[in-house]
Amino acid sequence: MNLKRDITFTLNGVKSRASVTADMTALAMLRDVLGLTGTKYGCGEGECGACSILVDGLSSNSCLMFALDCDGRELTTIEGLAKHPLGEKLQQSFVDCGAVQCGFCTPGMIVQATHLLEKTPGASREQIARGIEGNLCRCTGYVKIIDAIEAVAEGQT
Amino acid sequence: MSTEQYWAPQTLPEALEHLRAKDVTILAGGTDLMVQTHAGRARLGSTLLNIRRIGALHTIARDGEGVRIGALCTMNELQRDPLVKQHFDILLQACDHFASDQLRNNATLGGNVCNASPAGDSLVPLLVLDAQVELQSKPNGSTQTRHLPLAEFITGPGKTRRDPHELVTALWLPLPKPGFVGRFYKFGTRPALDISAISIGIGGVRQGQTLTDVRLAYGAVAATPMRATAAEAALEGQVLNAASIEAAAAAARDEVRPIDDVRASAWYRRELVHNMTLRMLQDESQT
């Protein structure tokens, strides 16, 4: 019988709980147990960044995180960033710049961009490109994605 | 058999107690463990021990004639640490090339060491820096500590001398001698998120154009990250010039034992070892 545990954590500012198994990823918990499908499953091995979330304020691949390890932590997903000052600006900037093609990488991009601009306000174009190196856009629409992040970064300075 | 117990202790003594059980899988950053278990290359033990909440494993401090780096320090934490910045630039260079920001926020130095991948990014600079692995266990109520040089700790791909009841608690790095210079180079098909085709670490004490205490370490060219001792000997105490640099690069090419795999052929790896060792030493001689 595989272990099952009830864990508690803060999810997008709200105290939450979930029942998780030992080998479950945080991504599976978010999507399949809690029904938050904004965070995407891309590669399942940390290569694509589509599953990026903030864990205690640090961007992380939720596909590589054990759901059990979410116990007691503060998680922020793309759904939570809608109410986050920087996340909200980035979302609007992605719309304004047309930085979306198929849209599958967008949640992860915005989560990672939020983390980047929190750590490095006013980041340069080069810093932005390096900052999102863990996020793949299979439509290869990087120029507009970087434009969108840069527009917000410029507003920070 | 499936996982029946899960522990996330906050103190080291508690973790060492839990490690006395049979079939324990240790979870730190989790970035490799999750990939390996989902790919079927590793299985979770009957006990999953999450050591991530142990604050004592998270510290970096001066210790004797060196610096003790807690095993749980992440790549991004290392990059921001003033002691690491001051003394171990070559380790910073490797952290900067490590995977992606998301992974650097989670992947730990101890985890990279225990994974013992021939291509582990931090292992080459740690070899150049003569790192010692600190292991602790609690076999009969009292904590025991031992140290092993990193080169002895790793015995093969994914294989180490860690006893199942031991925990890697820290890496200890001696302070480099005055005049120490270090360079790291990683070759992959893209800068981010790539597993090295090869990696190279060069270290030594510069006095004018002469290099002493030479350390040449290579990743992804043998079953373990390795020091190239013949190449080191070719350069030891020599003036950095075209002849000594070529001698060292050629010795390194002959000394490494690469395999053919999806990332590169053995032949190509040997050529890379020669050409990039040459270029790195030329760059060093010109600074």
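This is a predicted model: local features need pLDDT of at least 70, side-chain atom pairs count only at pLDDT 80 or more; totals for chains, interfaces and linings use all residues.
Two residues are taken to be in contact if their C-beta atoms, placed from the backbone, lie within 7 Å. Residues are numbered from 1 along each chain as its sequence is written, while chains are lettered from A and ligands numbered from 1 in the order in which they are written.

I begin where the chains meet. Chain A brings 26 residues to the contact and chain B brings 24 residues. On the side of chain A that touches chain B, the largest share, 4 residues, comes from strand 4 (residues 58-61) of chain A; strands here are DSSP runs of E with at least two residues, helices are runs of H or I with at least four, and both are numbered from the N terminus. That side of chain A comprises 7 nonpolar, 12 polar and 7 charged residues. In this classification Ala, Val, Leu, Ile, Met, Phe, Trp, Tyr, Cys and Pro are nonpolar, Asp, Glu, Lys and Arg are charged, and the others, Gly among them, are polar.

Next, a helix pair within chain A. Helix 4 (residues 106-119) of chain A packs on helix 6 (residues 142-156) of chain A at an angle of about 30°, with the axes 11 Å apart. The axes are lines fitted to C-alpha atoms over the stretch in contact, and angles run from 0 to 180 degrees between N-to-C directions. Helix 4 of chain A is therefore roughly parallel to helix 6 of chain A, a term for angles under 35 degrees. Where do the two helices meet? Met109(A), Ala113(A) and Leu117(A) of helix 4 face Ile145(A), Ile149(A), Val152(A), Ala153(A) and Gln156(A) of helix 6. By class, this contact has 7 nonpolar residues, 1 polar and no charged ones.

Finally, chain B, which has 12 helices and 15 strands. Buried residues make up 51% of its 287 residues, buried meaning that 20 or more other C-beta atoms lie within 10 Å of a residue's own. Which residues of helix 2 (residues 31-38) of chain B are buried? They are Thr31(B), Asp32(B), Leu33(B) and Met34(B). These buried residues pack against strand 2 (24-27), helix 6 (101-104) and helix 7 (109-115) of chain B. Just after helix 2 of chain B, Gly40(B) takes a positive phi of about 80°.

Key
A residue is buried if 20 or more other C-beta atoms lie within 10 Å of its own, exposed if 12 or fewer, and partly exposed in between; C-beta atoms are placed from the backbone. Angles under 35 degrees count as roughly parallel, over 145 as roughly antiparallel, 65 to 115 as roughly perpendicular and the rest as oblique.
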